[in-house]
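Before reading on, please take a moment to look over the sequence and the structure shown below. The report then goes through the chains, the sheets, the core and the contact between the chains.

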Amino acid sequence: MIRNGVSIDDTYAEAFGMRATRIIITADSLAWAKHSANAAFGFATSVIACGCEAGIERELAPEETPDGRPGVAGLLFAVSSKELAKQLERRVGQCVLTCPTTAVFAGCEGEEQLPLGKNLRYFGDGWQMSKLIGGRRYWRIPVMDGEFLAEESTGLLRSVGGGNFLVLARSRAQALAACEAAAAAIAGVPGAIAPFPGGVVRSGSKIGSKYKALPASTNDAFCPTLRGVARSELGADVEAVLEIVIDAVSDADMRVAMKAGLDAVCAIGAAGGIVRLSAGNYGGKLGQFHYRLREILA
Amino acid sequence: MSAMTLTLRATPSGRIDMSGVLPETLGGRTAGDIAAQIVRVDGNPVALGDLFAVTPGEAGAALRIDAGSSRLDCLGKGMTSGTLHVEGSAGHYAGQNLRGGELIIAGDAGDCAANGMRGGLLRIAGNAGNWLGAALIGDRAGMGGGVVAVAGDAGDRLGDRMRRGLILVRGKAGAACGARLLAGTLVVAGGCAGAPGPGLRRGSLILGRAPDIMPATYNDAGVADLSWLGLLRRHADAILPGVVSDSSRVHRHMGDLAFGGKGEILAPA
């Protein structure tokens, strides 16, 4: 398959079932909501070492938030409910509770619930107050700028993590420009995030390493500087490869996000230096979700 | 879906206990069957059909009582679902032990409305009497859930020993408003008579006008911007618009310090 001069590999992205939640952070201004969200969802690129993958899903206007203030919706993904609960509590406790004027609310319903303000309330040292409004419980925790308001719990979602595709280009600058366009397109898809910095990854990995302590190591087949010494997937016309990694709250959202990103890259096309599109997988035996590039672009 | 309708034949001479006259119990039954249902007038059994003209309706439809009367007690008592419209005033104990559904009173309600209420919505278009949402004598707690919305005024001892839930009053409240409040939220847009919140343990008493007298057992906690009031306003506006102020900036008094001091009275800043 060739799209706008870009060769689409007959391969698939292998993704995994994950646990996720959405939270809404509001503040007196969008700037402070984003300060808090950037901290809470920072250092959350990969579950390999961050505990979770997270990112801002979208900004919210005051009429979209529970308390009528500007805010952001963010998504967090982890490999287990237990780990997700741990990461959520730590990140909200250290980055939202601490941030001036903020409040935090559940952003989704779920059959199971994750504690949000349920345990953080004890920071109030006995002065915390509970409010049940419209069937939802909130905690008012006294802090130095007034009160921190936190909804008691948020929903747990069964989601998909690790959707991906690789952009192979004639130069690093061209690969980056295409990935920036893809990341921007994915940012417009509700229910999906690209958790890496700027939504783009340069250190694509393979499972395992020659060093026993490492669970993953560089994807040498796609490293242009190793052509000739390692088993390479790259032709002579490829100078740089960048990867887009996507987490989404559902299989359908993942497909929409993958298509949005792939379309954005194809729109730039061969004229923009894009040579091929490929994807990362592990032979299909590890992940429950397979996203064939040609199917998505069909 | 046609509503069942009970039309009062004449102003009753005694007090009618309307317990059991609910949309969930009358829906789907024939007019004759409904008319034969027994209610108590001054404690004596009387057929419902002797007091009301009955128009049957479908199961699950609303129940309408035309020409309500302040002598109709216990309207909506124990209701769990459906809608009960009272086209006029209600007597005492309206919405007692209400568990769900919606009780709408187009006129005034007597004393002790929403006693023991645990869920649902009670709307009173006129005024409410004394002891709204309060505990009955001998009960440990008053209202334990649900929402009461009063478009007019409320009487004395509003929310006495209320345990949970939300009461919204657009007008004024009488004496001892929020007395012995255990928890929950009480909003009185028009302010209250005398000193509010005697014996209030926890919960929030939100007054649209600062009280004439703040009890000595409340300490001034200053002015604060409380974001939860934004949540409350959105929720309340869907039920009784304009009762909760647009401003989240309020003057907070904490008390009653003679009873733990974990409650609050919020007045305009």
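In which sense do strand 16 of chain B and strand 17 of chain B pair, and over how many bridges?

## Strand pairing in chain B

This is a predicted model, and in it strand 16 (residues 249-255) and strand 17 (residues 263-268) of chain B pair in the antiparallel sense over six bridges. Within this pairing, Arg252(B) has Leu266(B) in strand 17 as its bridge partner. Strand 17 of chain B also pairs with strand 14 (residues 204-207) of chain B, here in the parallel sense and over three bridges, and the bridge partner of Leu205(B) in strand 17 is Ile265(B). As a general point, the strands of a sheet pair through backbone hydrogen bonds, either parallel or antiparallel.

Another part of chain B holds an open sheet of four strands, with the order 4-3-2-7 and mixed pairing. Strand 4 (44-47) and strand 7 (72-73) of chain B stand at the edges of this sheet and have a single partner strand each, so one side of each is left without a neighbour in the sheet. The partner of strand 4 of chain B is strand 3 (residues 38-41) of chain B, to which four bridges join it in an antiparallel run; among the residues involved, Ile38(B) has Ala47(B) in strand 4 as its bridge partner.

Chain A contains six helices and 17 strands, while chain B contains four helices and 17 strands. The C-alpha trace of chain A spans about 65 × 45 × 30 Å along its principal axes, and that of chain B spans about 65 × 35 × 25 Å. For a chain of 298 residues, a compact globule would have a radius of gyration near 19 Å, and the 21 Å of chain A agrees with this.

Buried residues make up 47% of the 298 residues in chain A, and 53% of the 269 residues of chain B count as buried. If one takes the contacts with a separation of 6 or more, residues 24 or more positions apart account for 74% of them in chain A and for 41% of them in chain B.

## The domains of chain A

Chain A is divided into domain 1 (2-15 + 160-297) and domain 2 (17-157), and the C-alpha centres of these two domains lie 30 Å apart. Where the domains meet, 13 residues of domain 1 of chain A are in contact with 14 residues of domain 2 of chain A. The side that domain 1 brings to this contact has ten nonpolar, two polar and one charged residues.

## The largest nonpolar core

The largest nonpolar core has 172 residues, and of these Val167(A) and Val187(B) touch the most other members. Helix 5 (residues 251-268) of chain A gives the most to this core, with nine residues. Because domain 1 and domain 2 of chain A both give residues to the core, it lies between them. In general, nonpolar side chains tend to be buried together in soluble globular proteins.

Which residues surround Val187(B), once its neighbours within four places in sequence are left aside? Val187(B) is then in contact with Ile167(B), Leu168(B), Val169(B), Ile206(B), Ala236(B), Val243(B) and Val244(B).

The contact between the chains takes 14 residues from chain A and twelve residues from chain B. On the side of chain A that touches chain B, strand 8, strand 9 and strand 10 of chain A each supply at least two residues. By class, this side of chain A has six nonpolar, three polar and five charged residues.

Conventions: Residues are numbered from 1 along each chain as its sequence is written. Chains are lettered from A and ligands numbered from 1 in the order in which they are written. This is a predicted model: local features need pLDDT of at least 70, side-chain atom pairs count only at pLDDT 80 or more; totals for chains, interfaces and linings use all residues. A nonpolar core is a set of buried Ala, Val, Leu, Ile, Met, Phe, Trp, Tyr and Cys residues joined through C-beta atoms within 7 Å. A residue is buried if 20 or more other C-beta atoms lie within 10 Å of its own, exposed if 12 or fewer, and partly exposed in between; C-beta atoms are placed from the backbone. Domain bounds come from an automatic or database domain assignment. Two residues are in contact if their C-beta atoms, placed from the backbone, lie within 7 Å. Ala, Val, Leu, Ile, Met, Phe, Trp, Tyr, Cys and Pro count as nonpolar, Asp, Glu, Lys and Arg as charged, and the others, Gly among them, as polar. The radius of gyration is taken over C-alpha atoms; the globule rule is 2.2 Å times the number of residues to the power 0.38. Two strands pair if DSSP finds at least two bridges between them.
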